[in-house]
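Work through the exercises below with the structure in view. Try each task before reading its solution.

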Amino acid sequence: DLGMMKTGETEMAALEATLKTMGEKIQPDCLVLIETTVAPGTTEFVALPILRKAFRARSIESEPLLAHSFERVMPGREYVKSIRDFWRVCSGCNSEAKRRVVKFLNEVINVEQFPLTVMDRPIESETTKIIENSYRATILAFLNEWSIFSERNGVDLTKVVKAIKMRPTHSNIIFPGPGIGGYCLPKDGGLGYWAYSHLLGFEDGDSVFKMSTVAIDINDTRALHVAELTRDALRNMGRYIAGARVLLAGASYREDVGDTRYSGSELVVRKLTEMGAEMSVHDPYVDHWYELENQDNYPAPGHSWSRFFRNQQELSAIHVQKDLPPALRGAEALVLAVRHARYLHLKPDDVVRWAGGPIAVVDCFGILQDNEIRRYFELGCEVKALGRGHIQRIKEEVRSSKEMKEPEAALPI
């Protein structure tokens, strides 16, 4: 369930069926390498028994050669390079499997510059992946509460994060956008929680796993606050979210890529649609929003995020636009959801002109500079942002400046 990770399950049927087929077909000396992210214990306690059973049925006496080495890859233009030129971790179920996987990775990965780390057991390799992604997700979830604090107390969290990053020990702190997205961080901590109980047999998972699971719940629902900010920005302009034309700028889960998997933007669109907004989408990198277009069947019938919201039927027909000025025509609100290069230097005067008048602008990712925020207010717009409470101060400065100029304009010449 949304915001309740502990109610989920890990689906392993496809992996188990694949391993069964491989065990029935492969040569005894064939190395089987699991490179996907799996629950800790999967290689040794799920995959290995399946291969052993298949080997026994074929009267093969030798031990299967099974290893694990999770992928480390960064979507984008350097996709292949990020596979080759990056540190890898591996292990094997026995000494020969370990030797073979080390040999294989040495032949395909740039181990001279990015040395290979060999673990004693596959469960250690599996756990490495889960912890490193849970760590990243937890940092982002941790900043969610400080984002709310900042909004309510006049603090610009983007500037706070930049100040903290000056310390080398804290250089990896990240400003959280409207959700973390991608195929790893939104779920991987849950694999550890699930494995602890279902594969490893412990009954105290709820008392052991607290931070990793709560982090997932926080990150899963952070995007819903964007819908609240959009509603409030429109309300401050005397408008209502119901029936408002809202343009979401950025469908992908990270900047300058076309990957929409578990994007926080999807939850923004779904929540605003539920609230009655007329949604449109712009993204220079996304041609089709697969999760929306195929919401009846993806990832499986009845399992789309659409099940958590009402009035979702029309989203399957949504069209991702490529040309920003026409996309903005007639818009009453603009949600800047992703730090795409296309959005980093938008001029407020252009945005207002393209929209046909003042609009509500919601910044989800520290995209707007203070001078741009000020200009939006001067043009009669309303601005809200995740974690940027100082915006109210800028608004009051603009209002005070206008009030000072009005009496001057009234003086006789």
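**Exercise 1.** Decide whether Phe 114 is buried or exposed, and describe its aromatic pair with Trp 87.

*Solution.* Step 1: Phe 114 has a relative accessibility of 16%, so it counts as buried (buried means under 20% relative accessible area, exposed over 50%, partly exposed in between, with a 1.4 Å probe and protein chains only). Step 2: Trp 87, at 41%, counts as partly exposed. Step 3: the two rings lie 4.9 Å apart, centre to centre, with 75° between their planes, which makes the pair edge-to-face. Rings of Phe, Tyr and Trp (its six-membered ring) pair if their centres lie within 6.5 Å; planes under 30 degrees apart count as stacked, over 60 as edge-to-face and the rest as tilted. Step 4: Trp 87 sits in the loop between helix H3 (79-84) and strand E3 (89-92), and Phe 114 in the loop between helix H4 (95-108) and strand E4 (117-118), so the pair ties together parts 27 residues apart in sequence. Helices (H or I, at least four residues) and strands (E, at least two) are DSSP runs, numbered from the N terminus.

The model is predicted: local features need pLDDT of at least 70, side-chain atom pairs count only at pLDDT 80 or more, and totals for chains, interfaces and linings use all residues. Residues are numbered from 1 along each chain as its sequence is written, and side-chain values use heavy atoms, with hydrogens and water left out.

**Exercise 2.** Describe the aromatic pair of Tyr 196 and Phe 209, and name the cluster that includes them.

*Solution.* Step 1: the ring centres are 5.5 Å apart and the planes 70° apart, an edge-to-face pair. Step 2: Tyr 196 belongs to helix H7 (residues 188-198) and Phe 209 to the loop between helix H8 (205-208) and helix H9 (211-221), so parts 13 residues apart in sequence are tied together. Step 3: Tyr 196 is buried at 16%, and Phe 209 is buried at 19%.

**Exercise 3.** Find how helices H2 and H5 pack.

*Solution.* Step 1: H2 (residues 42-57) and H5 (residues 122-152) have axes 8 Å apart, at an angle of about 120°. Axes are lines fitted to C-alpha atoms, for helices over the stretch in contact, and angles run from 0 to 180 degrees between N-to-C directions. Step 2: that makes H2 oblique to H5 (under 35 degrees is roughly parallel, over 145 roughly antiparallel, 65 to 115 roughly perpendicular and the rest oblique). Step 3: Thr 42, Thr 43, Glu 44 and Phe 45 of H2 meet Pro 122, Ile 123 and Glu 126 of H5.

**Exercise 4.** What is the span of helix H10, and which of its residues are buried?

*Solution.* Step 1: H10 (residues 223-236) has 14 residues and should span 20 Å at 1.5 Å a residue (the expected span is 1.5 Å times one less than the number of residues). Step 2: its end C-alpha atoms are 21 Å apart, which agrees. Step 3: buried in H10 are Ala 223, His 225, Val 226, Ala 227, Leu 229, Thr 230, Ala 233 and Leu 234. Step 4: these buried residues pack against several elements, including H5, H9 and helix H11 (264-274).

Technical notes
Contact = heavy atoms within 4.5 Å.
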